[in-house]
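Please view the sequence and the structure together while reading.

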Amino acid sequence: MSILAPISQILYREIYNRENQHLFLNSGGNVNIVKSYGFCFVDKRRGDWKKKIKRELRIHASWPDLSRPAAVEMQPIESSEQLDQILDSAKELSQPIIIDWMAAWCRKCIYLKPKLEKLAAEFDTKVKFYYVDVNKVPQTLVKRGNISKMPTIQLWKDGEMKAEVIGGHKAWLVIEEVREMIKNFV
């Protein structure tokens with residue numbers, strides 16, 4: 001994206017106001033900052049433009065962090081024995097795990113799974129994410145999780161279920177609830 005301007009100006013991308021509001025600065029008609037469009041024009045002839053930018057805004061680079069994955073595939077749990085092994089290894093590492101109880105026929109479960117995999121990338125080193133397809137596992141495993149509705153996302157720590165979110169509402173709300181649940185136990 002290139003923009004031509006009649007005066008010497010600097011183009012900044014990804015400008016955010018600390019209060020997360022739209023910000024329009026105008027000092028003599030030369031400084032216009034618009035958060036919603038993600039760019040900024042600054043007149044370099046004025047001496048106080050650096051102070052005003054630093055005081056009012058936080059500037060981020062728009063380069064993605066390629067050192068971290070965008071999504072981490074959740075591992076399946078297919079038996080009670082496998083769940084016991086996962087819980088034992090998590091207990092040794094003193095690391096919580098997230099289990100997504102889902103079904104292949106559940107539309108909300110299918111829609112939520114990729115969003116949980118993106119969330120798994122955020123907490124890649126702190127929390128492991130697993131899923132259980134309730135139609136492919138023995139019912140004793142489903143009863144062990146005390147599952148009545150789907151999708152149900154549970155946080156297990158020290159071999160016990162500590163918290164759960166039943167995802168019957170909007171996916172972004174479920175993800176935010178799961179994020180808060182993880183932050184409370186990590």
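## Strand β9 and its burial

A residue is called buried when its relative accessible area is under 20%, and exposed when that area is over 50%. The model examined here is predicted. Within it, strand β9 spans residues 152-157, and five of its six residues are buried.

## Partners of β9 in the sheet

Strand β9 pairs with two strands described here. With β7, residues 97-102, the pairing is antiparallel and comprises five bridges; one of the bridge pairs is W101 with T152 of β9. With β10, residues 160-166, the pairing is again antiparallel, through six bridges.

Strands β9 and β10 form a hairpin with two residues between the strands. K157 and E160 are bridge partners across these two strands. D158, in this hairpin, adopts a positive phi near 55°.

## T152

T152 lies in strand β9. Its relative accessible area is 2%; because this value is under 20%, T152 counts as buried. The side chain of T152 comes to 2.4 Å from the backbone oxygen of K149.

Apart from neighbours within four places in sequence, T152 is in contact with I99, D100, W101, I147, E164, V165 and I166. W101, one of these contacts, is also the bridge partner of T152.

In soluble globular proteins, nonpolar side chains tend to be buried together. The largest nonpolar core of this model contains 40 residues, and L116, F129, V178 and I182 have the most contacts inside it. At least two core residues come from each of α2 (80-92), β7, α3 (107-122), β8 (128-133), α4 (139-144), β9, β10 and α5 (171-185). Helix α5 supplies the largest share, with six residues.

Which residues does V178 touch, leaving aside its neighbours within four places in sequence? V178 is in contact with L116, L119, I153 and V165. Among these, L116 is itself one of the residues with the most contacts inside the core.

## The cysteine pair

The model has one disulfide. C106 and C109 form this link, with their sulfur atoms 2.5 Å apart. The link is right-handed, with 75° about the S-S bond.

Are C106 and C109 buried or exposed? C106 has a relative accessible area of 7% and is therefore buried. C109, with a relative accessible area of 0%, is buried as well.

Notes. Residues are numbered from 1 along each chain as its sequence is written. This is a predicted model: local features need pLDDT of at least 70, side-chain atom pairs count only at pLDDT 80 or more; totals for chains, interfaces and linings use all residues. Side-chain values use heavy atoms; hydrogens and water are left out. Buried means under 20% relative accessible area, exposed over 50%, partly exposed in between (1.4 Å probe, protein chains only). Helices (H or I, at least four residues) and strands (E, at least two) are DSSP runs, numbered from the N terminus. Two strands pair if DSSP finds at least two bridges between them. A nonpolar core is a set of buried Ala, Val, Leu, Ile, Met, Phe, Trp, Tyr and Cys residues joined through side-chain atoms within 4.5 Å. Contact means heavy atoms within 4.5 Å. A disulfide is a pair of cysteine sulfur atoms within 2.5 Å. A polar contact is a pair of N or O atoms within 3.5 Å; within protein, one must be able to donate a hydrogen and the other to accept it, and residues adjacent in sequence count only if both atoms are side-chain atoms.
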